[in-house]
Amino acid sequence: MKQSFKTSKLYYGFPIFILGYQDQNFGHNITTCSSSYSLGDWLVIGVGAEENAAEQIKHFQKFTVNIPDENLMLEMEQAGFISHREKLGHSGLDYEISEQTQAPILKACPVVLDCQVDRIIEEDGICHIFAKILERLADYDLLDDKGRFINNHFAPTYFMGDGHQRVYRYLDDRVDPMGNFIKKARKKDGKSNIT
C-alpha cells in the first residue's frame with residue numbers, strides 16, 4: 001500500500017548537465033541544470049526565469065547541453081552554486097566554441113548537444129525552453145566503428161530527491177536491450193501472445 005507524502009519537490013532521477021551559453025556580460029558562461037527531456041531531434045529544458053542563463057538564452061536563442069560523468073562533480077557544483085558571475089573561466093574547464101551556436105562545448109564532457117531555441121514558455125517562474133538539436137557530439141570511445149553510441153560506456157550522474165534531501169546517483173555498467181524482458185517472458189512461458 002502506498003502512502004501520500006508532502007514535499008515541495010520530487011526529483012525521481014534526471015541526468016545532470018552543464019548548460020553552455022553566450023553571455024552579454026561575460027562572453028560565454030555555464031550553469032548546472034537537471035531538468036530536461038528529449039524526443040527525436042527535440043529537447044526541452046527548464047530553468048528559473050530569474051536566472052542569468054534564462055535571460056541570456058532568451059537573448060541569443062542558442063545553447064549547448066554538456067553532459068558530464070562523475071569525474072566533473074566539483075566543476076558541476078561550482079557551475080550551479082555560483083550565480084550571476086562569470087563561471088566558465090573560474091571552473092578551469094577547457095572548452096571550444098561551437099561554430100553553429102557560438103556556445104561553449106566543454107571538452108571534458110563525454111556527450112554534448114548543440115541546440116537552437118524554437119520557443120520559450122514562461123510560467124510560474126520557470127522558463128520551459130523548447131529547442132531543436134542541431135548536432136550531437138560524443139567522445140570517440142563512446143562510439144563503435146560504425147559511429148553508433150555504446151550505451152554501457154556512458155555513465156551520467158543522476159539527480160534525485162525531494163524537498164528534504166537531494167542526492168547524486170551514479171550508474172553501474174549493467175545494460176539490458178529494450179525488449180529483452182518481454183523476449184525472456186515469451187521464451188519462459190512458451191507464448192507468443194505476450195505484448
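The following is a conversation about a predicted model of a protein.

Visitor: Which residues have the most contacts inside the largest nonpolar core?

Guide: That core has 24 residues, and the ones with the most contacts inside it are L19, L43, F63, V65 and I129. The elements that each give two or more residues to it are β2, β5 (42-48), α1 (52-60), β6 (62-67), β9 (111-123) and β10 (126-138). As a general background, nonpolar side chains in soluble globular proteins tend to be buried together.

Visitor: Take L43, then; what is it in contact with, leaving aside its neighbours within four places in sequence?

Guide: With those neighbours set aside, L43 is in contact with S36, Y37, S38, F63, V65, L113, C115, I129, F130, A131 and I133. There is also a second, separate core of 14 residues, and I18, M76, A79 and L106 are included in it.

Visitor: M76 sits in α2, so which residues of that helix are buried?

Guide: In α2, which runs over residues 73-81, the buried residues are M73, E75, M76 and A79. They lie on the same side of α2 because they cover an arc of only 165° around the axis. The face turned away from this buried side carries the exposed residues L74 and F81.

Visitor: What does the buried side of α2 pack against?

Guide: The buried residues of α2 pack against β2 (17-23), β3 (27-33), α3 (88-91), β11 (157-162) and β12 (166-170).

Visitor: Switching to loops: T101, buried or exposed?

Guide: T101 is found in the loop between β7 (95-97) and β8 (104-106), and it counts as buried because its relative accessibility is 0%, the cut-off for buried being under 20%. Leaving aside neighbours within four places in sequence, T101 is in contact with Q22, K62, F63, T64, D114, C115 and L134.

Visitor: Which residues have a positive phi without being glycine?

Guide: Q102 is one of them, with a positive phi of about 60°, and D124 is another, with a positive phi of about 50°. Most residues other than glycine have a negative phi.

Visitor: Where do Q102 and D124 lie, and how exposed are they?

Guide: Q102 lies in the loop between β7 and β8 and is partly exposed, with a relative accessible area of 36%. D124 is found in the loop between β9 and β10, and at 75% relative accessibility D124 counts as exposed.

Visitor: Last topic, annotation: what does UniProt list for residues 31-124?

Guide: The UniProt record, an unreviewed entry, lists residues 31-124 as "domain: Flavin reductase like". Over that range the chain in the model is 23% helix and 41% strand, and the end C-alpha atoms are 21 Å apart.

Note on methods
Residues are numbered from 1 along each chain as its sequence is written. This is a predicted model: local features need pLDDT of at least 70, side-chain atom pairs count only at pLDDT 80 or more; totals for chains, interfaces and linings use all residues. Side-chain values use heavy atoms; hydrogens and water are left out. Buried means under 20% relative accessible area, exposed over 50%, partly exposed in between (1.4 Å probe, protein chains only). Helices (H or I, at least four residues) and strands (E, at least two) are DSSP runs, numbered from the N terminus. The arc is that of the directions from the helix axis to the C-beta atoms. Contact means heavy atoms within 4.5 Å. UniProt positions are given in the numbering used here, feature names are shortened, and annotations may be inferred rather than shown by experiment. A nonpolar core is a set of buried Ala, Val, Leu, Ile, Met, Phe, Trp, Tyr and Cys residues joined through side-chain atoms within 4.5 Å.
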